[in-house]
Amino acid sequence: MSSPAHHSTSSERLRRIWRSRGPAAWALLPLAGLYAALSGLQRKLYAWGIKSAEHPGVPTIVIGNVIAGGAGKTPVTLATVEHLRARGVQVGIISRGYGRKSTQCQQATPESSPEAVGDEPLLMARSSGVPVFVAQRRIEAARALLQAYPATQALVCDDGLQHLALQRDVEVCVFNNEGIGNGWLLPAGPLREPWPRKVSAVLHTGALPAHTPASTPSFGLQRQLASYAINQLGERMPLDALRSQPLHAVAGIARPEDFFHMLQAAGLSLHSTEALPDHYNFESWQRPTDERLAVICTEKDAAKIWQHLPHAWAVPLQAQVESGYFDLLDRLLCLSSTH
């Protein structure tokens with residue numbers, strides 16, 4: 001099969017710069033210094049008590065990263081929620097709802113629109129079976145969730161390691177296979193904040209990120225596609241059944257090429273690929289003119305693509321984490337084996 005057409009995105013070009021300390025990264029280093037000063041000041045304002053942080057009042061787990069771009073936070077959030085539910089814990093999810101048009105604090109339900117709540121909260125509301133609330137300030141989402149669901153015993157925050165206004169009990173830092181890249185701060189490198197920093201656990205898809213302290217619990221993470229695809233009509237198709245069909249793959253995520261590679265690794269024939277910016281709204285998107293091509297997309301993009309093409313196939317992304325991570329969670333949250 002010839003290489004499928006692939007539209008490069010600005011995020012891909014940035015990631016290439018961030019892999020080494022080349023001329024382009026050096027040119028951006030002065031801006032990284034300014035970013036370091038501003039983010040450092042923000043942390044000091046909280047440390048000095050000038051800005052205050054608030055705890056939701058129930059055990060709170062923040063799952064985030066210190067690098068820009070996709071690391072697999074949302075699949076890890078869903079896997080964490082699934083584990084807690086299996087242990088009998090009443091759990092809820094809070095999120096900022098990045099990319100949405102609304103700014104109000106609200107619940108994300110399976111019937112919500114991505115414009116109102118964001119694509120990732122909508123995905124979690126449809127997949128997790130637990131209440132999901134979004135707000136620009138996560139503590140407001142936590143308050144609203146606990147008021148609406150007072151039996152909630154724990155919260156999982158999807159993203160938010162740098163959201164210092166929310167006090168938390170457990171911090172989980174997720175890395176993709178590029179680790180910390182060139183080790184520089186944005187925009188010269190991929191880091192949102194200096195690494196290493198203290199966290200409860202590190203999850204990594206590639207090698208252990210450089211400079212991770214030996215004392216930090218670290219666990220391997222594998223992201224994989226589900227064995228099936230779904231469409232808006234409720235139809236479910238084994239991926240194997242799509243192998244003989246020419247496909248147009250679409251991904252509006254931070255690392256679209258990862259999705260395309262996983263589809264190809266599953267034996268699917270990609271006639272063409274379309275890499276779009278993360279959280280792309282698809283308002284101006286048009287399906288391929290060749291109607292023989294079936295469209296296949298990420299589960300995160302599905303709600304937006306289905307508005308144009310209900311028959312498009314969406315493939316869920318699943319996270320497999322070393323079991324020691326869940327054992328650590330149980331210890332940190334004081335969950336006994338008989339909980």
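Tutor: Start with phenylalanine 282, which lies in the loop between β12 (270-275) and β13 (294-298). Helices (H or I, at least four residues) and strands (E, at least two) are DSSP runs, numbered from the N terminus. This is a predicted model: local features need pLDDT of at least 70, side-chain atom pairs count only at pLDDT 80 or more, and totals for chains, interfaces and linings use all residues. Residues are numbered from 1 along each chain as its sequence is written, and side-chain values use heavy atoms, with hydrogens and water left out.

Student: Is phenylalanine 282 buried or exposed?

Tutor: Buried means under 20% relative accessible area, exposed over 50%, and partly exposed in between (1.4 Å probe, protein chains only). Phenylalanine 282 has 0% relative accessibility, so it counts as buried. Its phi is near 65 degrees, a positive value in a residue other than glycine.

Student: Which other residue has a positive phi without being glycine?

Tutor: Histidine 211 is one, with phi near 70 degrees. Histidine 211 is placed in the loop between β7 and β8 (218-225). With 57% relative accessibility, histidine 211 counts as exposed.

Student: How do I read a pair of aromatic rings?

Tutor: Two things describe such a pair: the distance of the centres and the angle of the planes. Rings of Phe, Tyr and Trp (its six-membered ring) pair if their centres lie within 6.5 Å; planes under 30 degrees apart count as stacked, over 60 as edge-to-face and the rest as tilted. There are eight aromatic pairs in the structure. One of them joins tyrosine 280 and phenylalanine 282: the centres are 5.0 Å apart and the planes 75 degrees apart, an edge-to-face pair. Elsewhere, ring pairs link Phe219, Tyr325 and Phe326 into a cluster.

Student: What sits over the ring of tyrosine 228?

Tutor: A charge sits over a ring if NZ of Lys or CZ of Arg is within 6 Å of the ring centre and within 35 degrees of the ring normal. Here the charged end of arginine 236 sits over the ring of tyrosine 228, 3.5 Å from its centre.

Student: How do I check the length of a helix?

Tutor: The expected span is 1.5 Å times one less than the number of residues. Helix α2 (residues 23-47) has 25 residues and should therefore span 36 Å, which agrees with the 36 Å between its end C-alpha atoms. For helix α3 (residues 73-86), 14 residues should span 20 Å at 1.5 Å a residue, and its end C-alpha atoms are 20 Å apart, which agrees.

Student: Where is the kink in α2?

Tutor: The bend at a residue is the angle between axes fitted to the seven residues ending there and the seven starting there. In α2 a kink of about 45 degrees lies at leucine 29, shortly before proline 30.

Student: Which residues of α2 are buried?

Tutor: They are Ala25, Ala32, Ser39, Gly40 and Leu45. What covers them includes α1 (10-18). As for α3, eleven of its 14 residues are buried, and the helix is mostly covered. Among those buried in α3 are Lys73, Pro75 and His83.

Student: What follows each helix?

Tutor: After α2 comes glycine 49, with a positive phi near 85 degrees. After α3 comes glycine 88, whose phi is also positive, near 85 degrees.

Student: How do I describe the surroundings of a side chain?

Tutor: Contact means heavy atoms within 4.5 Å. A polar contact is a pair of N or O atoms within 3.5 Å; within protein, one must be able to donate a hydrogen and the other to accept it, and residues adjacent in sequence count only if both atoms are side-chain atoms. Take glutamine 106, in strand β3 (residues 106-108). Its relative accessibility is 18%, so glutamine 106 counts as buried. The side chain of glutamine 106 makes a polar contact with that of serine 102 (3.2 Å). A polar atom of the glutamine 106 side chain also lies 3.1 Å from the backbone oxygen of alanine 116.

Student: Which peptide bonds are cis?

Tutor: The bond from leucine 186 to proline 187 is cis, with omega near -5 degrees. The bond from tryptophan 195 to proline 196 is cis too, with omega near 10 degrees. Proline 187 is found in the loop between β6 (170-175) and β7 (201-204), and proline 196 is found in the loop between β6 and β7.
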